[in-house]
Amino acid sequence: MKTIGFIGLGIMGKPMSLNLIKAGYSLVVMDRNPEAVKELQAAGAKAAASPKEAAGQVDAVITMLPNSPHVKEVVLGENGVIEGIKAGAVVIDMSSIAPLVSREVGAVLAERGIPFLDAPVSGGQPKAIDGTLSVMVGGDKKVFEQSYDLLKAMAGSVVHTGDVGSGNITKLSNQVIVALNIAAMSEAFVLASKAGVEPEQVFQAIRGGLAGSTVMEAKAPLVMDRKFDPGFRIDLHIKDLTNALDTSHEIGVPLPLTASVLEMMHALKADGLGTADHGALIRHYEKMAHTEVKR
C-alpha cells in the first residue's frame, strides 16, 4: 500500500494525512473545504473531485468524517467509494461512528468483495499532529495485519479489537471514560476553588496519586489557563456519547453517568459553547457554583 485516498481533512484528518505524506505515502485527497485540499496539495498530494474518483486511483481509502450519515454517503452513496474502488483495495473508516453503522457499511462492501476496517482514533488534535494517536481496529485479522504499517504511520498504538464494529465499540467506551474523567475533574476543582484552595496546588498534590490520569494531565492546565480552543469539540463529544447511549439502549446496558454528562454538554451547547473544547465542561459546574477555576 503506497497510494492512499484520504477523504475528510478536518481537525483530525488534515494532520493525519500530512503524517502519511511524511511517512512516504502518495496521497489522493478529497474534502469539501478547498483550503484544506490546497494545503495538502502544497505538501504533495493530488486532489480528487469525488470519493469515487479518489478510490479509483489508490490501494486503500481512509475516511475521517464527522458522523455515521457522512460515512454512509461517502462510502456507499452516489459517486461514493464503492463505485470507484479498485479490486484488492481496502476501505478504512477512521471516523467515530455508531458501531451498527460500521457493521452495515462493512456488510455492503463485503458483498462486493471489498475488505473493510473500522479504525476510530483517540488522542485529539495534538496527537494527530505528532502522529501518536491510539487506533482501535475492528475487522478481519489478516486485513488488519496488511494495514498495520499504514495505520502506524499516524499512531503510537494500533490494536486489533475484534470483528467489524468492535473498533467503534472500543472508541465509545473510551469516550465514556474521557467524559466522566473530565466531569469528575471539574467537580473536584470547582469544589476546591470555591473553598479557597488554589486549583494549581490541588493539581500538583493529586496528579501523582490514584486520582491522576492522562485526561487530567491534558485538561487541567488548559482549564486553569482558561484555554478552551478545541482539541476535541463539545459538539463531537455529544455525538459520541449519543452513539454510546443509542448502542447501550439497543443491547440493554444502562449508562446513567454517561447520560448525565451528555445533558451537561447539551446545556453548554445551548449556551453557545458547542465548538469549545470538551474541557469547557468545567464551565457548567462553574456556572452552578458561581466560581471560576484559574491559576
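1. UniProt positions are given here in the numbering of this chain, feature names are shortened, and annotations may be inferred rather than shown by experiment. With that caution, the "active site" annotation of the unreviewed UniProt entry covers Lys 171. The entry also carries "domain: 6-phosphogluconate dehydrogenase NADP-binding", covering residues 3-162.

2. The model is predicted: local features need pLDDT of at least 70, side-chain atom pairs count only at pLDDT 80 or more, and totals for chains, interfaces and linings use all residues. Residues are numbered from 1 along each chain as its sequence is written, and side-chain values use heavy atoms, with hydrogens and water left out.

3. Over residues 3-162 the chain is 43% helix and 24% strand. Helices (H or I, at least four residues) and strands (E, at least two) are DSSP runs, numbered from the N terminus.

4. Lys 171 lies in helix H9. Lys 171 counts as buried because its relative accessibility is 3%; buried means under 20% relative accessible area, exposed over 50%, and partly exposed in between (1.4 Å probe, protein chains only). Leaving aside residues up to four places away in sequence, Lys 171 touches Ser 96, Pro 120, Val 121, Met 136 and Asp 240. Contact means heavy atoms within 4.5 Å.

5. The axes of H9 and H12 come within 9 Å and cross at roughly 115°. Axes are lines fitted to C-alpha atoms, for helices over the stretch in contact, and angles run from 0 to 180 degrees between N-to-C directions. Lys 171 and Leu 172 of H9 are among the residues making this contact, as are Asp 240 and Leu 241 of H12. By class, the contact of H9 with H12 has 7 nonpolar, 4 polar and 2 charged residues; Ala, Val, Leu, Ile, Met, Phe, Trp, Tyr, Cys and Pro count as nonpolar, Asp, Glu, Lys and Arg as charged, and the others, Gly among them, as polar.

6. The 18 residues of H12 should span 26 Å at 1.5 Å a residue, and the end C-alpha atoms of H12 are 26 Å apart, which agrees. The expected span is 1.5 Å times one less than the number of residues. Buried residues of H12 include His 237, Asp 240 and Leu 241, and the buried residues of H12 pack against H6 (99-111), H9 (166-194) and H13. Gly 252, with a positive phi near 80°, follows H12.

7. H12 (residues 234-251) also packs with H13 (residues 256-270), at an angle of about 150° and with the axes 10 Å apart. This contact includes Ile 234 and Leu 245 of H12 and Val 261 and Met 265 of H13.
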